[in-house]
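Here are my notes for a first look at this structure. Have it open beside you as you go through the points.

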Amino acid sequence: MKNKDFAVFIISHGRPDNVVTYKTLKKCGYSDRIYYIVDNEDKTIEQYKKNFGDDNVVIFDKKAIADKVDEGNNFDDRKTTTHARNACFEIAEKLDITYFIVLDDDYINFRYRFIDKYTTKGYVKNLDVFFDIMLEYFIKSSFHSIAFAQGGDFIDGESCGLITNYLYISRKCMNSFICSTERPFQFVGQLNEDVNTYVTLGSKGYLFLTVPFIGLEQLQTQGQSGGMTEAYLQFGTYCKSFTTVMMHPSSVKVSMMGFTSKRLHHSIKWKNTIPLIINEKYKK
Amino acid sequence: MKQQNMFSKKEVSEDKEEKYSLKIEAPIYEPKNKKPFILELYDKSKSSILINQINGSNISSEEKEFLIEAAKRHTVFNYEKIADYYAHASKEVQEFMEQSALVIIDFEKAIQGGYVRLCENIKQQYLEEYQDEE
């Protein structure tokens, strides 16, 4: 990469032998620094170190981070990615890194999606270049975080929800987060933390965005062991969805989502959620 | 409802009835020429009901104060109307609206202009990788 003040942080838990994102990053042409962010309650820390090297595995104190966050429930359950995501800001500072992207550990592809028109062909071959391109925009704009789109955003092709539901005034930001130590923010809630965060902070003027040109693809949600799977199976998506409703009841509801097996999901009315971005010419 | 969007030059209706050309544009809102009435900017229907019920109860004044503040979380703000209003508001009101993050100002087109460059750069990279397959 051209920008040397950057690193990839892969957050992971209990999957030292199945960090799919690592292989995907290599396949898609990323050649720079990767750190594996693992909590001190993970019983497989040594295996992470063995697989990826002591210097590349960063351990954080999960309880200490959790104590600083509104978890949105009283379950006293630290099965969440919230704390790892929040730890990344402090970790980046300690590593003297200004810009970083936080990735989950289960990505199987980075694929082109919108290049003038909707497309599904072609996985990204040079992520080094794309991270630089995304970083350039991130640095020059005032976003607190920007993300790649997700595979699910494109269900239904050109009529997909990404276009018709939310993106025209949407500032969602999920899963992959380009961040900076100079623009810190805090993820909130044990469940649905990415949604809670871009809704609650977005409503106060923090800027988040999903860039639709490239979409990441993941292994099937709730279909593999480790990570958040156990928490989702325990609570279903009821608690997950309602966490965001509790945090922003004026514009978030729940609705049913899915084709074969329906499940509760949050539904955000964007025009009632986030202040809009307007040109400077309107300012007197 | 006039609304610039990332994919279309056409207006986007809330009912999603219109077709999209997939022309990618920055997520910038273009305020309308008409200044909305101030009461159009927010909807207190639910919060008012809650507040009236709280005020009519026999709970302590401290509890009332807390619950009334909490009830205001149900006030619905219409940020499109708010942006429309901002464009026609006085300088003083605009400054209060900015301080309260009711609109975001895109200074020097950092968001809009940068987005166009981002789009072009990604397209260029895509063509370099897949030109033979176009």
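Predicted model: local features only at pLDDT ≥ 70, side-chain atom pairs only at ≥ 80, totals over all residues.

1. Let's begin with a cysteine: Cys88(A) is buried, at 0% relative accessible area (buried means under 20%, exposed over 50%, partly exposed in between, with a 1.4 Å probe and protein chains only). Its sulfur lies 7.7 Å from the closest cysteine sulfur, that of Cys179(A), which is too far for a bond.

2. Residues are numbered from 1 along each chain as its sequence is written, chains are lettered from A and ligands numbered from 1 in the order written, and side-chain values use heavy atoms, without hydrogens or water.

3. Now Asp132(A), which sits in helix 5 of chain A (helices are DSSP runs of H or I, at least four residues, numbered from the N terminus). Asp132(A) is buried yet has no salt bridge (a Lys or Arg side-chain nitrogen within 4 Å of an Asp or Glu carboxyl oxygen). Lys2(A), the nearest side chain of opposite charge, is 6.1 Å away. Leaving aside neighbours within four places in sequence, Asp132(A) contacts Met1(A), Lys2(A) and Asn3(A) (contact means heavy atoms within 4.5 Å).

4. Finally, chain B is divided into domain 1 (34-103) and domain 2 (105-134), with bounds from an automatic or database assignment. Their centres, taken over C-alpha atoms, are 39 Å apart.

Definitions and conventions. Helix = DSSP H or I, 4+ residues; strand = E, 2+ residues; numbered from the N terminus. Lys, Arg positive; Asp, Glu negative; His and termini not counted. Disulfide = S-S within 2.5 Å.
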